[in-house]
Amino acid sequence: MNIDFTRHTLANGLDILIHEDHGCPIVAVNLWYHVGSKNEKPGRTGFAHLFEHLMFEGSQHHDRGYFQPLQEAGASLNGSTNADRTNYWEVVPRNALELALWMESDRMGYLLPALTDAKFDNQREVVLNERRQNYENRPYGLAGMAIVGALYAPDHPYHWLTIGAPDDLRAAHLDDVRAFFQTYYRPRNASLALAGDVHTGEVLALATEYFGPLEAGHDPPPVEFTPPARLTAESRLLLEDRVELPRLYFAWHSPALFAEDDATLDLVAEVLASGKTSRLYRSLVYEERIATEIAASQNSREIGGFFQIVATATPGRTLTELEKAIGRVLATFIDQGPTSAEMDRCLAQAEANFIYRLQTVGGFGGKSDQLNAYNMFLGEPGYFERDLERYRHVTPEAMQRAARAWLRPDGRIVLSVVPRGRVGLALGESQPVGVS
Amino acid sequence: MAVDRSRLPALGPDPGFRFPHIQRGALANGMRVWTVEHHAVPLVSFLVLLPAGSAADPADRPGLAAMTSDMLDEGCGDLNAIELHEALGRIGAHLDSEIGSDATILTLTSLSRYAERGVAMLADMFIRPRLDQRDFDRVRELRLNRLVQMRDLGPALADRAFAQLLYPSHPYGHLPIGNEGSLRVMLLREVATFHREQFMPSRMTVIAAGDAPHTELAALVERAFGGWAHAPGAVPSADGPVDRPPQAPANRLALLHRSGAAQSELRIGHVAASRSTPDYHALLVLNAVLGGQFVSRINMNLREDKGYTYGVRTSFDFRRGPGPFALSASVGSEVTVEAILEALSEIRAIRGDRPVTRAELETGRAALTRGYPRNFETAEQISRGAAQLALYGLADDYFTTFVPKVLAIDEAAVTRAAEMHIDPARLLTVIVGDREKIGPSLPRLGLGTVTEVAPA
């Protein structure tokens, strides 16, 4: 399945991607900046995301909230930050496209004059509350921090989560915002996708009018990092949390997004833990009933990935039982590879999931978001069919080999999350980790 | 041409929108079959609607409806649970099951080339579920474990306490999952009875939407569901009225203690309107202004001005019977009382000294109407929209009259709806938070004695 698009790069370096879809009288405006938490420095973690919040608080020529005019025009809108990129999107009725372009270009070009301490302080409080709501106050919410903290050295840009540390957020200054904006929020560091009920020539002219005059700026500095050293032993960690049931996490380094074995490990995760027929679900939840839930995922990002398996113990069952059962299932898979029925299933699922994601023009994961993802990480916005081919070309032997190479029992992080005050429920010899 | 940055550009002419056509038909067994053509992507989605949800639970068996719907994909016809899911996996189908107070909805989406196999399996789940004892025991255990895990989930605890206190001894007084006591004594026989008595083709609607002609979609449903006859002796149950529970005499405050909670989870509200209220559109506008969208009064105050929360929303939950009006938010523990006071004052003001203004009215109406076509982009969205028509018996022209009806709402209608459906003197406030941190400040709320809610 291919998505027709036109790419045009403005003189200032901004990529504009246009896809026509006249099914519904709406247009998705989707703007990616190639900056995320991996561009942060230790001591200022969480900053890229806090910055994203400020982008909604007004710019020089519209020094008020960004939601008001857009919601009034019938738009839905949002933004998000992850380790590698920050995106902003609006889905607008066709007749509000110009409004969205006006606003996106105004904050790309003229954010700083509208910046105030009051806005900064307010959004810092909002973000601290976001952190409480989604991490501190959520069961197992801090486990992700413990995992990346253990997988990556303190100076590696994936060592911290995008939400950052509260002290770092409190230490951030308005000057940091200015420097960050000037470094990263530049047309040449961005990609704009417009998908929906538009005519390519017209909308390109309009976007050029709004974004063309903005200054190109300089290339942002490269992200410097040392690839993580290969794990040569099992590292056992322990985290106490306000939870009822103990949970076990396995994590391994794995390939980066679109690197060799990335798609292969996606399918390995599918066979291991997606749906009731998956090996881990069937064995741990359905047959032995020692786990209440199970998940596996290949989390691939721009400069590295990690593969994770998560299982929660049934009341009365132990993490040691889970560890053994997961180890057994993994060993069997590595030993025998997937069956042909499993191959059929995971490929059918991969193809269906791929098409499900392309049902919408905008939002998180719609066509415009995907065009930008391919453009930013591969320089090929039209990678759709080839992306699917990555999965179609995976063989049972490749899955077996990838699982053997990457999911080694002697080189992994194993984290036990246990109810407060019950450290005895963790796997033996686990070391407490300090995250909060 | 230079860009004019002195003002925001005006909107172009309204693009208009043609709503997808719903072709309505029925099978000989009484099941309604609606079809919608949607050719954007090679997918077909089948939605099965049963107008019975957790409100149909017997009074002593909360959780029975949810348990029954959970058992549907645990094997059917000749296939056990694993075999069924293997077959679904081979066609890359997405099966989604959802239960609310008024309805049970299963949706199966697949590539169009697999539509026939998909709908056949979906039909088998409804018509011939295996209902094996072993599966029942396992599913019940998983649900009991989920209840255990809910003890750590602030939002779930707040939702449950809120429902219990608003709707004592009422079909809306529990969450669909039920409670531990009920699940422990539940019998497979009760599930089978619930299935026999409630799952009747004559009460149900199937909505097929996707990349195929109407006739083909209808034929697929007919082949899959056409042979389903009423269970012998079963009488189609009428959808009886859902009573309005007695209104509380005054404001109430309830606290569920959660030691060390980093935030307080809030629910504030009371029993309000049902889906059939003539004030439906006025209440949508009212809610948009008060707390239904980002730029609403309460979110702008609590988040954008005070920084008390990551976000706050209000909603009217329109059900067959009178559903709740509720504000939901997680707020910093230290500012719990301030946040509640601000929220209460906004709720009072919109039907008191600060009624909706012209500008707010226009923003609210515009957001609801101009954004309306967005809700009809995918086959599944269209099916879900159509399911609301089927569930609540809304007019065939409901979609096309929505925009004019919202635009006809004026300030007076919003204020009247606020006066009629919001009562600031009878609000229930539920806090799930750390008593040590917030307890001493609670008297400042002036909401009387605090009822302590047991953590269940």
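**Interface, core and strands**

The contact takes 61 residues from chain A and 60 residues from chain B, two residues being in contact if their C-beta atoms, placed from the backbone, lie within 7 Å. This is a predicted model, in which local features need pLDDT of at least 70, side-chain atom pairs count only at pLDDT 80 or more, and totals for chains, interfaces and linings use all residues. Residues are numbered from 1 along each chain as its sequence is written, while chains are lettered from A and ligands numbered from 1 in the order in which they are written.

On the side of chain B that touches chain A, the elements that each supply at least two residues include helix H4 (133-150), strand E11 (309-316) and helix H12 (358-370) of chain B. Helices (H or I, at least four residues) and strands (E, at least two) are DSSP runs, numbered from the N terminus.

The largest nonpolar core has 203 residues, of which Val48(B) and Val285(B) touch the most other members. Such a core is a set of buried Ala, Val, Leu, Ile, Met, Phe, Trp, Tyr and Cys residues joined through C-beta atoms within 7 Å; buried requires 20 or more other C-beta atoms within 10 Å of the residue's own. Helix H9 (residues 280-292) of chain B gives the largest share of this core, eight residues. Beyond its neighbours within four places in sequence, Val285(B) is in contact with residues including Leu361(B), Leu368(B) and Val414(B).

Strand E9 (residues 252-257) of chain B runs parallel to strand E13 (residues 428-433) of chain B, joined by six bridges; strands pair if DSSP finds at least two bridges between them. His257(B) has Gly433(B) as its bridge partner in E13(B).

Key
Buried ≥ 20, exposed ≤ 12 C-beta atoms within 10 Å, placed from the backbone.
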